Amino acid sequence: MKLTLRIWRQASPEAKGKMQKYVLDDVEPDMSFLEMLDVLNEKLVIDGKDPVSFDHDCREGICGSCGMVINGNAHGPQQYTTTCQLHMRHFDDGDTIDIEPWRAKAFPVVKDLVVDRSALDEIIKSGGYISVNTGSAPEAHAIPVDKVSADDAFDAATCIGCGACVAACPNGSSMLFTAAKVTHLGLLPQGQPERQTRAINMLARQDELDFGGCTNVGACHEVCPKGIPLASIAQLNHDVLGATLTGARSD
Amino acid sequence: MVITPQRNIVSRTWGTSVGKKTVIATTGAVFLLYVIAHMLGNLKVFFGIEAFDAYAQHLREIGEAIFGYEGVLWLLRVVLLTSLVLHMWAAFSLWYKAKKARPIGYQHRQRWEGSYAARTMRWGGVIIFLFLVWHILDLTTGTVNPLGGDESAYLKLVASFDRWYVSLFYILAVVALGFHIRHGLWSAIQTFGANSALKQNALKTFAFVVAAVITIGFAIVPLSVMFGLVR
């Protein structure tokens, strides 16, 4: 396959970036998208040029590192797929592919396609956990969980924190991410004591961190590699509303 | 023991993005109920001038014994105006926040941008507001009505819609209203936390049907005047 790539190149956070054109003649349809970029980088290194920086780690679709916007689509054209699991057979010979970093004020570009997603960690720090005293683990069967809650909590827990929801949201909102965490913990018995304060604290942190507000457009769900349901945002709203009305507080 | 001062319910609500959305949703629900009542009232035009004008007069006399002449009407106007201020204030504040959240856009246009209704909520809302100003000047105060303010409501309506460009503007505005309700109603249900993965499609269909009924219910009046059914 012969491909023309237009890739966002930006030397440093302060530098002014631009789209740079590259032509690759020898792309195999069985390559993953990241392997295709590896091939490009090998060529760039041989030519003595600066390789394209991009984040990646597990390359099996579970770490959430490899986010990039491919032809206007976070993680590329295939639904429920991370960039590393996207294969070149989904493109045609002669295609031009635009590759850009996640765009959000909360995700500043570090270099080329690498963005700093620490803002999501900040949201987690503000409530994405349960507080338990350490000690020997309790008997797992001692706390019954109904099937529907277990399934919904598990669906929400599959969020890998890749930030595609933010990248695709017309408002630059991390609502689906925050909602996934709130739903995951809020549906399980262990998450109940902090359920309301978790929702308001995580939302408050998100609001502080340059993220926009949610308008229920649904672009986040469309690009989410794990298909986190839009209804998890309703769960977050529900918990926030309850906490707002009752005045729940954590201290 | 450290006691942190607890914020009151107003600042708790107004202080978060979801709180502001709740304000938009609640005031939107007020508008929706009003718009449905307004549409049903409009349809009285098909029962002739006496029925329509009697209805308009009745609106001024409801609860007269307690609230006085036009008392209920003014109460309603105050509620609607307050709702409008809150609705737009919260929406503009979130619009500004969203603008700031992505200072540098994408070179390649986003492929999935959401429904037309969702994308046009903000500017659509502005258009509906501008229409509202015209609408009140035309049919409430009569300032821009060919017959002026003191004529019968029925005759003012016919005289206004006899101008094709006014009818066209009105129809476009109620279509914009339909789109606004189509996304707004579903979005409000989601904001109140009543959505679930199982119900989502049903809720979106419900919002679509409500929006379609309201749009048709309003548009049928100027269309009937244009085609000579209402004279």
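**Reading the terms in this predicted model**

Me: Why is A:His75 called buried?
Reply: A:His75 has 27 other C-beta atoms within 10 Å. A residue is buried if 20 or more other C-beta atoms lie within 10 Å of its own, exposed if 12 or fewer, and partly exposed in between, with C-beta atoms placed from the backbone. The count of 27 meets the cut-off of 20 or more, so A:His75 is buried. This is a predicted model, in which local features need pLDDT of at least 70 and side-chain atom pairs count only at pLDDT 80 or more, while totals for chains, interfaces and linings use all residues. Residues are numbered from 1 along each chain as its sequence is written, and chains are lettered from A and ligands numbered from 1 in the order in which they are written.

Me: Where is A:His75 found, and what is its phi?
Reply: A:His75 is in the loop between strand 4 (73-74) and strand 5 (96-100) of chain A. Its phi is positive, about 65 degrees, although A:His75 is not a glycine. Strands (E, at least two residues) and helices (H or I, at least four residues) are DSSP runs, numbered from the N terminus.

Me: How do you know whether A:Asp112 is buried or exposed?
Reply: A:Asp112 has 23 other C-beta atoms within 10 Å, so it counts as buried. A:Asp112 is not a glycine, yet has a positive phi of about 45 degrees. The loop that holds A:Asp112 runs between strand 6 (109-111) and strand 7 (114-115) of chain A.

Me: What makes A:Ser250 count as buried or exposed?
Reply: A:Ser250 has 12 C-beta neighbours inside 10 Å, so it is exposed. A:Ser250 lies in the segment after helix 8 of chain A.

Me: Which residues does A:Ser250 touch?
Reply: Not counting residues up to four places away in sequence, A:Ser250 touches A:Thr197 and A:Asn201. Two residues are in contact if their C-beta atoms, placed from the backbone, lie within 7 Å. A:Ser250 and A:Asn201 are 49 residues apart along the chain, and their C-alpha atoms are separated by 8.8 Å.

Me: Which residues of helix 3 of chain A are buried, and why are they said to line one face?
Reply: In helix 3 (residues 147-157) of chain A, A:Asp152, A:Asp155 and A:Ala156 are buried. Seen down the helix axis, the buried residues fall within an arc of 95 degrees, so they line one face of helix 3 of chain A. The arc is that of the directions from the helix axis to the C-beta atoms. A:Lys147 and A:Phe154 are exposed on the other side of helix 3 of chain A. The cover over the buried residues of helix 3 of chain A includes helix 5 (175-186) and helix 8 (231-246) of chain A.

Me: How is chain A divided?
Reply: Chain A has domain 1 (3-111) and domain 2 (118-246). Such bounds come from an automatic or database domain assignment. The C-alpha centres of the two domains of chain A lie 29 Å apart. In chain A, 18 residues of domain 1 are in contact with 16 residues of domain 2.

Me: Which residues make up the largest nonpolar core?
Reply: A nonpolar core is a set of buried Ala, Val, Leu, Ile, Met, Phe, Trp, Tyr and Cys residues joined through C-beta atoms within 7 Å. The largest has 105 residues, and those with the most contacts inside it are A:Cys165, A:Val166, A:Ala168, A:Leu176 and A:Cys220. Helix 9 of chain B gives the most to this core, with 12 residues. The core also draws at least three residues from each of domain 1 (3-111) and domain 2 (118-246) of chain A. A:Cys165 touches A:Ser174, A:Leu176, A:Phe177, A:Cys220 and A:Cys224, not counting residues up to four places away in sequence.

Me: How many residues take part in the contact of chain A and chain B?
Reply: The contact takes 43 residues from chain A and 41 residues from chain B. Helix 1 (9-14), helix 2 (17-42), helix 5 (71-101) and helix 9 (164-191) of chain B each supply at least two residues of the side of chain B that touches chain A.

Me: Which residues of chain B are listed as "transmembrane region"?
Reply: An unreviewed UniProt entry lists residues 21-40, 74-96, 116-137, 164-185 and 206-230 of chain B. UniProt positions are given in the numbering used here, feature names are shortened, and annotations may be inferred rather than shown by experiment. In the model, residues 21-40 of chain B are 100% helix and 0% strand, and the end C-alpha atoms lie 28 Å apart. Residues 206-230 of chain B are 84% helix and 0% strand, with 31 Å between the end C-alpha atoms.
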